[in-house]
Amino acid sequence: MLRHPGQAMTVEDVELDPPMRGEVLVRVAAAGVCHSDLRYANGELGQGYWPIVLGHEGAGIVEAVGADVAHVAPGDRVVFCFVPACRACRYCVAGKPNLCEVVAEHGAQGMLMDGTSRLRLLDGTTLKHGLRTACFAERAVVAAGGAVPIPPELPLWQAALLGCSVVTGIGAVRNVAQVRRGQSVAVIGCGGVGLQVVAGARLAGADPIVAVDRVPGKLGLARAQGATHVVDAAAEPDLAGVVRRLTDGGVDHAFEVVGRPETIELAWDVLRPGGSAVVVGLVPEGVKATLPAIELLSDKSLRGTYYGSGDPAAEIPELAALAVTGGLDLATVVTHVDGLEGVEEALDRLRRGEGARTVLLVDADLAGYPGAGTGVADPSARSFP
Ligand SMILES: [Zn+2]
Ligand SMILES: [Zn+2]
């Protein structure tokens with residue numbers, strides 16, 4: 001729980017109400033630590049919405065369902081979807097459930113879809129649900145649409161990633177840029193989401209795929225996900241020039257997956273005429289990026305995206321099936337695992353730009369993590385290069 005931004009998160013006992021009508025109680029197996037969690041912890045997001053239980057990328061097993069929930073039953077394995085679209089508002093009806101108005105209205109304030117919370121401190125203080133999910137916890141109550149069933153073959157410590165980094169990264173490639181076979185791609189920032197953008201570009205048949213990061217280890221991970229070229233941003237003074245040289249004058253698609261003005265500008269600078277840049281990274285409130293507007297005349301475009309810009313609840317099962325058949329390698333992007341109490345360390349790694357994803361094994365056995373049950377999880381499989 002985050003009691004206040006700037007303070008270390010604490011692991012505490014709290015009250016969790018049973019699921020109400022249209023809600024699901026999930027026993028959490030594993031939860032990924034995402035850059036958005038860091039933005040909340042730093043006070044750059046969710047102004048005033050604390051105390052809050054963070055965590056929005058996770059997986060577990062359904063323990064109970066409220067009235068009118070038919071799509072899952074106790075025992076089902078589910079991935080959290082932090083936009084449980086209402087399916088009735090103008091955005092949902094227009095095929096943009098990621099922009100659901102009801103989610104935006106209540107969810108932005110740390111509440112569930114009816115505008116109330118199921119979480120309380122032991123003294124009765126209302127606790128907020130981080131991004132409608134709050135899965136840095138042993139149990140979570142979410143709206144029915146926030147629990148998406150997946151096939152049993154995929155271990156939950158890997159499935160956890162589907163609900164944020166995978167759907168966000170691959171959605172940016174498929175739904176926003178609509179990358180086609182043989183097109184050139186640059187991916188700026190190879191953290192948890194950036195690596196999924198690389199994987200999405202590979203699945204789309206992009207070539208070349210240039211990955212840019214300032215941490216050599218992450219460039220190694222990017223190669224493993226399908227990058228054909230890597231550029232060390234820390235060692236290279238003229239990044240845009242290098243990327244343009246590698247791609248015969250610039251790329252068809254650039255993806256910014258950092259959330260900083262200078263990397264947004266870099267994504268723009270590496271485009272060829274007619275190319276498009278997609279900003280996937282989460283930029284803190286108040287931050288502005290500047291672009292040479294004359295270049296709009298060369299048909300360049302800049303796009304935004306949220307949560308993959310598609311229908312995450314429909315895409316998560318498809319992506320899970322892809323991971324089961326080996327089309328997606330989720331295991332190697334998990335560079336660190338820890339228990340719930342390891343969340344602060346995981347946030348510090350994100351602050352230092354170190355590693356890709358930390359997965360908190362809330363219940364290592366349920367998560368199916370290698371070595372679970374022996375008391376010693378196998379770190380050799382996941383040690384960061
Ligand atoms: Zn996230
Ligand atoms: Zn809606």
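Predicted model: local features only at pLDDT ≥ 70, side-chain atom pairs only at ≥ 80, totals over all residues.
Residues are numbered from 1 along each chain as its sequence is written, and chains are lettered from A and ligands numbered from 1 in the order in which they are written.

Let me begin with how the domains meet. In contact across the boundary are 20 residues of domain 1 and 18 residues of domain 2; two residues are in contact if their C-beta atoms, placed from the backbone, lie within 7 Å. On the side of domain 1 that touches domain 2, the elements giving two or more residues are helix H1 (35–41) and helix H10 (312–324). H1 gives the most to that side, with three residues. Helices (H or I, at least four residues) and strands (E, at least two) are DSSP runs, numbered from the N terminus.

Next, the core. A nonpolar core is a set of buried Ala, Val, Leu, Ile, Met, Phe, Trp, Tyr and Cys residues joined through C-beta atoms within 7 Å. Buried means that 20 or more other C-beta atoms lie within 10 Å of the residue's own; 12 or fewer is exposed, and in between is partly exposed, with C-beta atoms placed from the backbone. The largest core has 128 residues, and those touching the most other members are Ala30, Val79, Val187, Val198 and Ala211. Strand S2 (residues 23–33) supplies the largest share of this core, eight residues.

Not counting residues up to four places away in sequence, Val198 touches Val187, Cys190, Ile209, Ala211, Ala222, Gln225, Gly226 and Ala227.

Now the helices. Two packed helices are described by the angle between their axes and the distance between the axes. The axes are lines fitted to C-alpha atoms, for helices over the stretch in contact, and the angles run from 0 to 180 degrees between N-to-C directions. Helix H5 (residues 165–177) packs against helix H6 (residues 192–204) at about 45 degrees, with the axes 7 Å apart. H5 is therefore oblique to H6: angles under 35 degrees count as roughly parallel, over 145 as roughly antiparallel, 65 to 115 as roughly perpendicular, and the rest as oblique. The residues of H5 that make the contact include Ser165, Ile170 and Arg174, and those of H6 include Gly192, Gln196 and Ala204. H5 passes H6 in a right-handed crossing. A crossing is right-handed if the near helix is turned clockwise from the far one by less than a right angle, and left-handed if anticlockwise.

H6 has another partner, helix H7 (residues 216–225): their axes come within 8 Å and cross at roughly 25 degrees. That angle makes H6 roughly parallel to H7. Here too, H6 passes H7 in a right-handed crossing. Leu195, Val198, Ala199 and Arg202 in H6 meet Leu221, Ala222 and Gln225 in H7.

On to the backbone. Most residues other than glycine have a negative phi, and most peptide bonds are trans. Which residues does a cis peptide bond join, with omega about 0 degrees? One such bond joins Trp50 and Pro51, and another joins Asp207 and Pro208. Pro51 lies in the loop between H1 and strand S3 (52–53), while Pro208 lies in the loop between H6 and strand S11 (209–213).

As for phi, Tyr307 has a positive value near 55 degrees, and Ser309 has a positive phi of about 55 degrees. Tyr307 is in the loop between strand S15 (301–304) and H10, and Ser309 is also in the loop between S15 and H10. Tyr307 counts as buried because it has 22 C-beta neighbours inside 10 Å.

Last, one more loop residue. Leaving aside neighbours within four places in sequence, Cys164 is in contact with Gly32, Cys34, His56, Glu57 and Phe82.
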